[in-house]
Amino acid sequence: MGEKVVAGQFDLSDRQRYREKLRRCLTGLERLLAEKRFDRPKNLMGLEIELNLAGADGMPKMLNAQVLERIASRDFQTELAMFNLEVNIAPHRLGGRVFDQLDEELRTSLAYADRKAQEVDAGIVMIGILPTLDRDDLVSSNLSDVDRYALLNDQIVAARGEDFTLDIDGVEQLSCTSKSIAPEAACTSVQLHLQVTPERFPDVWNAAQVVAAAQIAVGANSPFLFGRELWRESRPPLFQQSTDTRPPELKAQGVRPRTWFGERWVTSAFDLFEENLRYFPALLPICDDEDPLEVLDRGGVPSLAELVLHNGTVYRWNRPVYDIADGVPHLRVENRVLPAGPTVTDVVANAAFYYGLVRALAEDSRPVWTRLPFEAAAANFDAACKHGIDARFTWPRRGRLGGLGEVDAVTLVREELLPLAEAGLDAWGIEPADRDRYLGVIEERCRRRVNGASWQAATFHRALDLGLGRDEALAATTRRYRELTKQGDPVHTWPVGLPEPVPTG
């Protein structure tokens, strides 16, 4: 969202000047695209994981500043709330044994961070939503002590003009209000980056939108919030509602939410940046001194700072990214669909599935998105969030008859998407051993109909059956989850339930 955000107040002239700068940035981007100034293909991918801090009792710990001080690595950064961290893995070239390398790097980094967290009686929990979070944990006083988070909260609250309403109807119903964006911090995700050329961008972004539902179906890991069992992947509705600047009247007018799936297939990265300007008012109208068009006239590369900052306040599940590396601009697709966890192996398997599938679909001579209405892709995404691995999707039929049909997620993944992912990984040059190991994890989740969300829910209900109260059952589930995460075996192998009866009282 921009590292150099300084807390301050904005007046009318700031917003008008910022809008003008955004338009100049958009013109600058258009010129860069027309002049073909972007980096050539490098097959580069990147990975970020948001993490939670919890104590031995499974309860959240508001200690990220102390833990980060002990970790003392630029790979780890603050996130929105004091119980959050983020780890960033350096870009890797897709090919060879890259997924095994990622696996090893993540294990090493997370084990080190966990050891440092234990120095302050905390531990790392890699999960979509920490089940033990309470409403009192998600308040503005628990936001990380960083200017940009406070400023973002102030601006979203001001734009909203009233309390945020959280209303999620799942297995159970949650209905409550919040005076800040702090509930957003409950959502901890994996972000997968793929650097692409401008020519490939629209096909890769469209492919990422198509596969988002399947990613959630096999990877859901967020069934609980505030003691309620909600959707199998509750992050998307929670994220949308906790950042929603629209009062009911604007919703009724069809004003778009800042967290959204989108509404159409695209033909250029420019489409998405242009939509950002057309639909979304600035939250942080902070202007850079650079004039992007003057920089271009001199033959330089503009930072497009306002465009980048504004893009960071529109929370697409597949976000376009403009960046500069070694003086050369490039574009990335940032896939923000997946929850964190449960294990490193599961995270890497999710990544392998995504990168393989996107490559294969983007290069298909008759792409899925030419046969699937965008509205159906969005509905598939919602179905996956609600039902996880038991979801049913609308999907183009194979064969001469064509048209659309309904298929359950497991059948679609096993019969159609996994073979495509395998072909895509072959096209990236991934070693067959890596390919088979990590896609095999996805296959086994489908065969057993198990993912992180289903394991959490089943274990929680087993704990209730043992006589534990709801809060005790959630805490016991969280402790068992963390224990099995540290052992490292993928979630489809985890035994359901607690290791032994837990005495009550």
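Reader: Is Trp 317 buried or exposed?

Author: Trp 317 is buried, at 5% relative accessibility. Buried means under 20% relative accessible area, exposed over 50%, and partly exposed in between (1.4 Å probe, protein chains only). This is a predicted model: local features need pLDDT of at least 70, side-chain atom pairs count only at pLDDT 80 or more, and totals for chains, interfaces and linings use all residues. Residues are numbered from 1 along each chain as its sequence is written, and side-chain values use heavy atoms, with hydrogens and water left out.

Reader: OK. And how many aromatic pairs are there?

Author: The structure holds 16. Rings of Phe, Tyr and Trp (its six-membered ring) pair if their centres lie within 6.5 Å; planes under 30 degrees apart count as stacked, over 60 as edge-to-face and the rest as tilted. Trp 317 and Phe 381 form a tilted pair, 6.0 Å centre to centre with 40° between the planes.

Reader: Where do Trp 317 and Phe 381 lie?

Author: Trp 317 is in the loop between strand 11 (315–316) and strand 12 (318–325), and Phe 381 is in helix 12 (residues 374–387), so the pair ties together parts 64 residues apart in sequence. Helices (H or I, at least four residues) and strands (E, at least two) are DSSP runs, numbered from the N terminus. Phe 381 is buried too, with a relative accessible area of 3%.

Reader: Which cluster are they in?

Author: Ring pairs link Phe 239, Phe 261, Trp 265, Tyr 315, Trp 317, Phe 374 and Phe 381 into a cluster.

Reader: New topic. Where is the kink in helix 13?

Author: At Leu 417, shortly before the proline Pro 419. The kink is about 45°. The bend at a residue is the angle between axes fitted to the seven residues ending there and the seven starting there. Helix 13 covers residues 409–428, and Gly 429 follows, with a positive phi near 85°.

Reader: Which residues of helix 13 are buried?

Author: Leu 417 is one of them; others include Val 413, Leu 418 and Ala 421.

Reader: What does Phe 353 touch?

Author: Its contacts (heavy atoms within 4.5 Å) include Val 413, Leu 417, Leu 418 and Ala 421, not counting residues up to four places away in sequence. Phe 353 is also among the residues with the most contacts inside the largest nonpolar core, which has 150 residues. Such a core is a set of buried Ala, Val, Leu, Ile, Met, Phe, Trp, Tyr and Cys residues joined through side-chain atoms within 4.5 Å.
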